[in-house]
Amino acid sequence: MEHVLQLYQEESCLLDALADFTAAGLRLEEAVVVIGSKPRWELLLDRLRKSGVDARASVLRGQIRLLGSHLLRSSLGKRQHFNELVGGALSLARARFERVRVFSELTDALWRAGERGAACRCERYWQHLLAVQDCQLLCACPIDTLEGDAYDGTLQALCGEHTHVCPAFDEAAFEEAVAGAVTEVLDVELARMLAALSTAHRPSAQMPPGQAMLFWLKANMPRTAERIMCRARARWSEQ
């Protein structure tokens, strides 16, 4: 089971990740279920078309399907209802395709609406469902991981419900910005100690070392975390 959380700031960046995720599934003859809004669905199909993927043909043969996220928002109060709706969609896809991958916009929509607790609850629902439904799941969350306000505990909990976390920025540039900020703020010995501690206490989800380091800092050295994130943001803006 692979349960990926894609963090993002720009819609275009999320669409790039979603188009890559969908195109990979189509190439592998997997079914792709998109739980999302009609506008993003249309943008996805357009992005696939521009990259040379005949998405419309895939829609016509039932390989890629849209399940409106508004239908599932009302089911988040009861896990059984959620399981029935999503399980039914996955069973329908498996009737013709051996493997299924899913993009879910639910957490994204809830987070943007300020319903962070509901977003975490939604991911727990997915965890229970994925324990019995073998599929690859991509979720998204609109957040700046170099902004201190993001680390109120909810982001950490959200990441903990996933197997992998992808940063909102270009990963190599993100790592460079965080590493450079650490060397500016801390002396060499403290920087080494921080690297060792954040590695030893990494979150369960796989994520870039710089992201794991920010989580550890925010939990254990919040003032230092703010200074490092401030310098990392400055370095990022200079790129």
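Trainee: Where is the place of Glu29 in this protein?

Mentor: Glu29 lies in the loop between H1 and strand E2 (31–36). Helices (H or I, at least four residues) and strands (E, at least two) are DSSP runs, numbered from the N terminus. The model is predicted: local features need pLDDT of at least 70, side-chain atom pairs count only at pLDDT 80 or more, and totals for chains, interfaces and linings use all residues. Residues are numbered from 1 along each chain as its sequence is written, and side-chain values use heavy atoms, with hydrogens and water left out.

Trainee: Is the phi of Glu29 positive or negative?

Mentor: Most residues other than glycine have a negative phi. In Glu29, a residue other than glycine, phi is positive, near 60 degrees. This residue follows H1.

Trainee: How many residues does helix H1 have, and what span does it reach?

Mentor: The expected span of a helix is 1.5 Å times one less than its number of residues. Helix H1 (residues 11–27) has 17 residues, and from its first C-alpha to its last it reaches 24 Å, close to the expected 24 Å.

Trainee: Which residues in H1 are buried?

Mentor: Buried means under 20% relative accessible area, exposed over 50%, and partly exposed in between (1.4 Å probe, protein chains only). The buried residues of H1 include Leu14, Leu15, Leu18, Phe21, Thr22 and Gly25. An α-helix has 3.6 residues a turn, so residues three or four places apart point the same way.

Trainee: Is Ser198 buried or exposed, and why?

Mentor: Ser198 is buried because its relative accessibility is 4%. The residue sits in helix H10 (residues 188–200). Contact means heavy atoms within 4.5 Å. Apart from neighbours within four places in sequence, Ser198 contacts Ala212, Met213 and Trp216. Ala195 is also in helix H10, but it is partly exposed because its relative accessible area is 31%. Its C-alpha is 34 Å from that of Glu105, a residue 90 positions away along the chain.

Trainee: Which residues does Pro209 touch, not counting residues up to four places away in sequence?

Mentor: Pro209 touches Glu175 and Arg202. Pro209 belongs to helix H11 (residues 209–220) and counts as partly exposed because its relative accessibility is 47%. Between the C-alpha atoms of Pro209 and Val178 there are 9.4 Å, at a separation of 31 residues along the chain.

Trainee: With which residues is Arg233 in contact, leaving aside its neighbours within four places in sequence?

Mentor: Arg233 is in contact with Leu146, Glu147 and Gly148. The C-alpha atoms of Arg233 and Leu146 are 6.2 Å apart in space, although 87 residues separate them in sequence. Arg233 lies in helix H12 (residues 222–238) and is partly exposed, since its relative accessible area is 27%.

Trainee: How many helices and strands has the protein, and what is its radius of gyration?

Mentor: The protein has 12 helices and six strands. The radius of gyration is taken over C-alpha atoms, and the globule rule is 2.2 Å times the number of residues to the power 0.38. For 239 residues, a compact globule would have a value near 18 Å, so the 19 Å of this protein agrees. Its C-alpha atoms fill a box of roughly 60 × 40 × 30 Å along the principal axes. Buried residues make up 51% of the 239. Among contacts with a separation of 6 or more, 78% are accounted for by residues 24 or more positions apart.
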